[in-house]
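Hi,

Here is the structure I said I'd pass on.

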Amino acid sequence: MTLLPEELDSFVGREDELETLASLVVPGSGSSLVTLTGPGGSGKSRLGLRLAHHVEGMQCWEDGVGWVWLRPVRDRARLADHLATSLGIQQATNTAAGIIDALRKRRMLLVLDNCEHLHAPLRQFIAALLRAAPDVTVLATSRSSMDLTGENVHRLAPLSTATGENYQDGKSYDAAELFIHRARQVNPGFDPDGQYRTIVELCHQLDGLPLAVELCARRTQTYSLNEIAARRFDLLNAPLDDEHDSTGDLLGLGTSSAVDRDDLLSIGQDDAQRARTSLDNVLRWSWDLCTRRQQHLLQRLSVFPDAFDLEQAEVVCADDELLPRTMIAPTLDDLQRQSLVQRQSTALDEPSQFRLLDTIRTFAEHRLRESGQAEQFRHQHYEWVTQEFARVGREWLGPQEVDMLVRCRGLLLDVYAALDHCHDTNNMEAAFRLLNATFAARIPWFGGALPDMSRQWARLLERYPHRDNTRAVALASLAYLEVCRGLPADIPLSRLDEAHAIAAELDVELLQVQVATAVSHCFGNGDAQCVELMAHAYSKTRAQDPTNPGWAMIEMWWSICAAFYADTDTAEAITQQHLQTMTDAGAEHALGWARWARSVFLVLHCGDDAALAEAEELMRAGIATASRTGDRWIPIWWAVLAAIRAAKASEHARAAELSGIVASLTVTTGIRVDRIAGLYPALRDGQDAARVALGEEAYLERWHSTRDQSAGNYAATVELLTAPVRLTSREYEIVTLVVDGYTHDDIASTLHIEKESVKRNMRRVYSKTGCRTRAELQSMVSRSVTTDGQAS
C-alpha cells in the first residue's frame, strides 16, 4: 500500500462536511461507496485527501487507506497498471480481475480521486470490487456520480459566503477564511482588518469555489481587493507562474522517456502545480468530457444571467437539429450530474430551478461567442423574457397576481441582460418593447427596481433621437418613474414638456403621456388638476379595452389623487370604489395599494379616532401583504402614512420611531419622500409635533434606534412597521386557543359562549392583524399582541 500524498497546505472550512463524510466511510457505517461530486475547482480532491488523512489517523481500517490519483491516466488501457502501481499490487500482468482478487480479503478505505474522465471503466471496476470485497469501502471524487446501487452521493457545496443584507457582522465565512490564509502564504503582511466584508463579497462573486478563491488570494501580492474584484475573470484565466515554461522538457527526459509528458505536468499536487493552474484549464477539462450536445446546451445556457427552469431552457436553447426541445431535459440532467449546472432548492410542488456558477457561465459565454451563435440565442432569450412580461401585463388582475409578480421579479436580471443585447445590436425598438412590457407588468415598483429601470429608460433615450410616438412614450415613462422616486420636479417636467411637444407635432393623444402628467401633478407639484386628468384617463382606458388591466393601475392613481386633493365626499367615494374593486378582483398586491389610498383618505380627511383606528387596521393588513409578497416599494409609503397617523393620534413616540424607518427606507429605496407633494407636509407637521411633545433628545434617540435597526434589513423593517395589535381580552382568549389547535366548537364549549360569537371575534382578529392562517396568528401573538382588558 502506498503512502497518502502529503497535505502541503492548511485545510480551511468544511468541518461539518468532514465529520459527516468520516461517519460514512468508517467500518460498519453501511456505506460501501461514497462519491464526492462538485464542479471543477470546488475542492473535491482537497477534501478527499483531508478525509483520507483523518480516517487514517483514526486507525479504524485494519489495512489502512489506499489512494489512487487518476488524473494522469488519459488512456483507459493504462488504468489497470495505474491502479496496481498505486496500491502496491505486483502481478505479472495487471488486470482489473487480478486487482480485485488482491483486494478481496482486505479491510480498507480505497480513495479514487478524479474519476470523471474514466467513468465507464471505473464504474464497472467499483461494482465488481464491492461485490467481491465486502470489507472495502470506496470513496470516489468525481464531477458526476457513479450511478451504482447503494451509492451515497455527497454534492460539495461552495464555501460559505454572503452578500448584501445576508451578510452578518461577526460571523466567520469559510471562503473568506480560505482567502485570508492563502493571501498570507504569499503576502505575509496581508492585513484583512476592516476589509472582511469586502473579502466575503469578493468570494461571493467567485461562487465560493476554493480554486477561484485561492487563485485570487495569490494576486494580493500585486493588486488591491477592488482591483482583483474588477478583473477577477481575467486573473482567474491566466496562470500565475508565467515566467516558467511548463511545456518544455524541464528534466531532460526527452520524448522517449517512459514518463508521459501529461503525467509529468500532473504529478505533485503542490503549490507550484497550482500556480500553473488556471480556472480556464480546469473548466476545459470538464468541457472536453462533455458530448457535443452537452457542450451546445451548456454554452447556450450562458445567456441566462441567473436562475432558470426547464421550460425556460426549452424555449430559449432548443433548435431544430442538434438540440430539439425533447432533448433539453435529458441533456440538462446530464450537465447537472456532471456538476456543470447547479440545481437550486425548491419546494416539491414548484418547478426545479437551475443556474450556472458565474465562473462556469463566463467560460460558457466565451464558447458561445466562439461558436458564432451568441447573437441568435441572446435574441431568443430576449424574445422569451419580453413575451413573459407582456403576458403578465395582460393577465395580472386576479388571484394569480402575486405569483406572476414574484416570478417576474426573479427575472429582472434577465431583463437587464436582454436590454444589453438590444444595445449591443443597436435595436432600440426592441429595447422599447421590453421596457414597455415591464412597465405594464408594474415590476419596476414591485421589484424595487425604480432606480435601475429609470437608468434603462434614460439609456434608451440617449440612443433614440427620433421624434415619434416611441420617444414620447419613453420620455413619459421615465418622467413617471422619476416622479415616483421623488426627484426634483424640474427633471420629469422637462421630459413631459418634450413628450407633449412631440405629441402635438404628430397630432396624437398619447395616454401614457397624460397619465405621467397626472402623476407628476399628484406627487410632483401638488396640482389638484391630477384628479380630473386621472378620471379622464380611467374612463378612456376602461371604455377602450376593459380586459386590459391597465385601467386598474389608473384607477389606483385616481384614488390616490382623490385622497390627496379631492373634496372629502369625492375622495371617500373614489377610494372606497377602488378598495371594493380590488377586493372583488382578489389581486392581493393591488389590494395593498387600494388599502393605502383608503388609509390616506381616512388620515388626511377624517382624523377622528374611528377613522384612525380603521386606517391602522388597513395599514396592518397592507404591511402583512407586503411581508408575504416581499414587495420592496410599498413599505416606505406605509411608513410615511403610519408616522402621520401616529402623530394625529398623539402617539408621538411611535411617530418618532416610524420617522426613523422612513429615513432608513429613503436610503435603501432611493425614494425621496420629502419631495412628494400632498404627503410630506403632513409628515413634517407630525414630526414637528413629536419633537415638541418628546423633546429633541428623546425624539432623536427613538429616531436613530429604528433607523439603525431597519437599515438594509427588509424583515426588520416590516417588523418595526407593525405596531402591537390591540385585542380585547375576549379576542385574545380566543386567539390563544386557535393557535393551540382548538376548533370553533371547542372554543365555544371551553369559554361557554356561542359559536357565532367565536366567529365574530375571529373576523375582527383577522381584520386587525392582517393574518390569514393559524401559523401567522401564532407568530403575531408571540411577538406583538396587547390587550385592552375589555371582553366582548
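**What I found**

Let me start with strand E1. Both of its faces are covered: Leu33, Thr35 and Thr37 on one side, and Val34 and Leu36 on the other, are all buried (under 20% relative accessible area with a 1.4 Å probe, counting protein chains only; exposed is over 50%, and partly exposed lies in between). E1 spans residues 33–37, and five of its five residues are buried. Strands here are DSSP E runs of at least two residues, helices are H or I runs of at least four, and both are numbered from the N terminus.

Before going on, a word on the source: this is a predicted model, where local features need pLDDT of at least 70 and side-chain atom pairs count only at pLDDT 80 or more, while totals for chains, interfaces and linings use all residues. Residues are numbered from 1 along each chain as its sequence is written, and side-chain values use heavy atoms, with hydrogens and water left out.

Which strands does E1 pair with? Pairing needs at least two DSSP bridges between the strands. E1 runs parallel to E4 (residues 136–142), with five bridges joining them, and Val34 sits opposite Leu139 there. E1 is also parallel to E5 (residues 152–155), through four bridges, with Thr35 facing Val153.

Leu33 turns up again in a second, separate core of 31 residues, which also includes Leu118, Phe125 and Ala127. A nonpolar core is a set of buried Ala, Val, Leu, Ile, Met, Phe, Trp, Tyr and Cys residues joined through side-chain atoms within 4.5 Å. The largest one has 187 residues, and Ile560 and Trp596 are among those with the most contacts inside it. Leaving aside neighbours within four places in sequence, Ile560 is in contact with Cys522, Phe523, Trp593, Trp596 and Ala597 (contact means heavy atoms within 4.5 Å).

Now for a helix pair. H19 (residues 401–409) and H30 (residues 588–606) pack at about 100°, their axes 7 Å apart. They are therefore roughly perpendicular, a label that covers 65 to 115 degrees. Glu401, Val402 and Leu405 of H19 meet Glu588, His589 and Ala590 of H30. Those contact residues divide into three nonpolar, one polar and two charged.

As for the whole protein, there are 40 helices and ten strands, and 53% of the 792 residues count as buried. Of the contacts with a separation of 6 or more, 72% are between residues 24 or more positions apart.

Cheers

Technical notes:
Axes fitted to C-alpha atoms, helices over the stretch in contact; angles between N-to-C directions. Parallel < 35°, antiparallel > 145°, perpendicular 65-115°, else oblique. Nonpolar A, V, L, I, M, F, W, Y, C, P; charged D, E, K, R; others polar.
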